[in-house]
Amino acid sequence: MKSDFYIDNRKRLMDPLSDESIVIVYSGNMMYKTGDETYPFTPNRNFFYLTGIDRDNMILVMIKSKQTCREKLFIENNDPVLSRWIGEKLSHEEAEKLSGITNIQSIDSFEKSLHYDIASLLQPKVWLDFQRRGWQEAVTWEQTLHISLSTKYPYITPRHIGPAIHALRRIKQPEEIKLIEKAIDLTHQGLTELVTHCQPGMMEYELEAYFDFILRKNGVTDKAFKTIAACGKNAATLHYCDNCAVSGESDLLLLDLGAQWEYYSADITRTIPVCGHFSNTQKTLYQIVLDTQQAVIDRIKPGLLFEELNKTARKELLKGLQTIGKCQNDSDLQEFYYHGVSHYLGLDTHDVGQRDVLEPGMVITVEPGLYFRDENIGIRIEDDVLITQKGYQILSCKIPKTVNDIEKWMKGS
Ligand SMILES: [Mn+2]
């Protein structure tokens, strides 16, 4: 991705903010694991969206004053001794090239610089990214800064910048859609490797390994989320990812997986028969899910309420289950279907932003499912769909999903 993309994102974020705004976004900390191990670092996606940099402990500061915007990026200094162990830190030149920010400073001067910026404004408004998943989560860097600010500058009340960045991230630019398509293509290749090696008696993790091999071979550094390779009854657990059971001859195998490419996610689900062909019962149930998915996709166009997608999915699944006598009314459906049908897709797999009205440039998943715990069956079919001016484009349309196409795909044709 060129730095122009990030320059434009910063501009679009700052333009609507009032004069004397200071926006501060942190890239994130390395998370401690055990002993002297840390978890692999992944950047705060809002920081990445504004800078294109995926290193820890960096601070982006943007100050709007007299209708002009100044930008600074604070980064760690290189340590010649440490660099022999863990490599060089990002240089000022590299940081500038990636982000398009020309004012790069040492992180040691952040506090001094912030005081100067605050003191230079009459009524400074400070914006921080206060993203929080739950009450129990650890105190974040932003909250620590908030406490310091409130103590030292009691007239400042920091506000939450997250929603404004999320609103921008909902609409994908053409270059972002290309990266999602790349992630989908790699996911397709990995899936093909998996399904063509699938044999009864294999462990779920063995099947997963075929997918992983193709991703890694193509330079993928991380997956969009933990792969779900779930046989039989495991598929009825929505986020099953132990992947440690043996696949049975008559099982369906649910595969919910995705590559990540330059931090953009693919999110695909296919359900295949382990032995290579669907039984008649499996076909009937599978077809209900597939028809439902098509009915939901058919409705996609700008202006449609997100909630309409869920309503359509429920209506179609219910209709299908009524014809085979498994359901009477909508309240019975809860037994067999218990999740939403769509979410946004992007820098996060369950991407950010209000789920209200569909607009061109959004990318959503469409993923109806049916789960029959008593019969050891879970079926879900998921595609990634771009909202266009006129309607939609299925970005993952090349990945087989009809009964016939899946059986052919598994044979390697
Ligand atoms: Mn999904």
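Mentor: Begin with an open sheet of six strands, in the order E6-E5-E4-E1-E7-E8 and with mixed pairing. Its edge strands, each of which pairs on one side only, are E6 (104-106) and E8 (159-160). The names come from DSSP runs numbered from the N terminus: helices are H or I runs of at least four residues, and strands are E runs of at least two. Two strands pair if DSSP finds at least two bridges between them.

Before going on, note that this is a predicted model: local features need pLDDT of at least 70 and side-chain atom pairs count only at pLDDT 80 or more, while totals for chains, interfaces and linings use all residues. Residues are numbered from 1 along each chain as its sequence is written, and side-chain values use heavy atoms, with hydrogens and water left out.

Back to the sheet. Strands pair through backbone hydrogen bonds, either parallel or antiparallel. E5 (residues 68-75) and E6 run parallel and are joined by three bridges. Within E6, Ser-106 is the bridge partner of Ile-75.

E15 and E16 give a contrasting pair: they run antiparallel, with four bridges between them. Leu-370 is opposite Ile-379 of E16. The two strands form a hairpin with four residues between them, where Asn-376 has a positive phi near 60°. In a regular strand the side chains alternate between the two faces of the sheet. In E15, Gly-369 and Tyr-371 point one way, Leu-370 and Phe-372 point the other way, and all are buried. Buried means under 20% relative accessible area, exposed means over 50%, and partly exposed is in between, using a 1.4 Å probe and protein chains only.

Glu-367 and Arg-380 form one, with their closest N and O atoms 3.9 Å apart. The pair links distant parts of the chain, 13 residues apart: Glu-367 is in the loop between E14 and E15 (369-372), and Arg-380 is in E16 (residues 377-380). Glu-367 counts as buried because its relative accessibility is 8%. Arg-380 is also buried, at 3%. The rule for a salt bridge is a side-chain nitrogen of Lys or Arg within 4 Å of a carboxyl oxygen of Asp or Glu. By this rule the count is 23 salt bridges.

Another of these joins Asp-348 to Arg-169, with 2.8 Å between the closest N and O atoms. Asp-348 is in the loop between H12 (330-333) and E14 (363-366), and Arg-169 is in H7 (residues 162-170), so the pair ties together parts that are 179 residues apart in sequence. Arg-169 is buried, with a relative accessible area of 3%, whereas Asp-348 is partly exposed at 25%.

With 0% relative accessibility, Ile-165 counts as buried. Not counting residues up to four places away in sequence, Ile-165 touches Leu-13, Asn-46, Tyr-49 and Leu-50; contact means heavy atoms within 4.5 Å. Asn-9 is 156 residues from Ile-165 in sequence, yet their C-alpha atoms are 8.8 Å apart in space.

Now turn to H11. This helix has 18 residues and spans 27 Å from first C-alpha to last, close to the 26 Å expected at 1.5 Å a residue. The expected span is 1.5 Å times one less than the number of residues. Its buried residues include Phe-306, Leu-309, Ala-313 and Leu-317. Among the elements covering its buried residues are H10 (280-299), H12, E14 and E15.

H11 (residues 306-323) contains both Glu-316 and Lys-319, three residues apart, about one turn of the helix. Their side chains meet in a salt bridge of 3.2 Å, N to O. Glu-316 is buried at 16% relative accessible area, and Lys-319 is partly exposed at 46%. Just after H11, Gly-325 takes a positive phi of about 75°.
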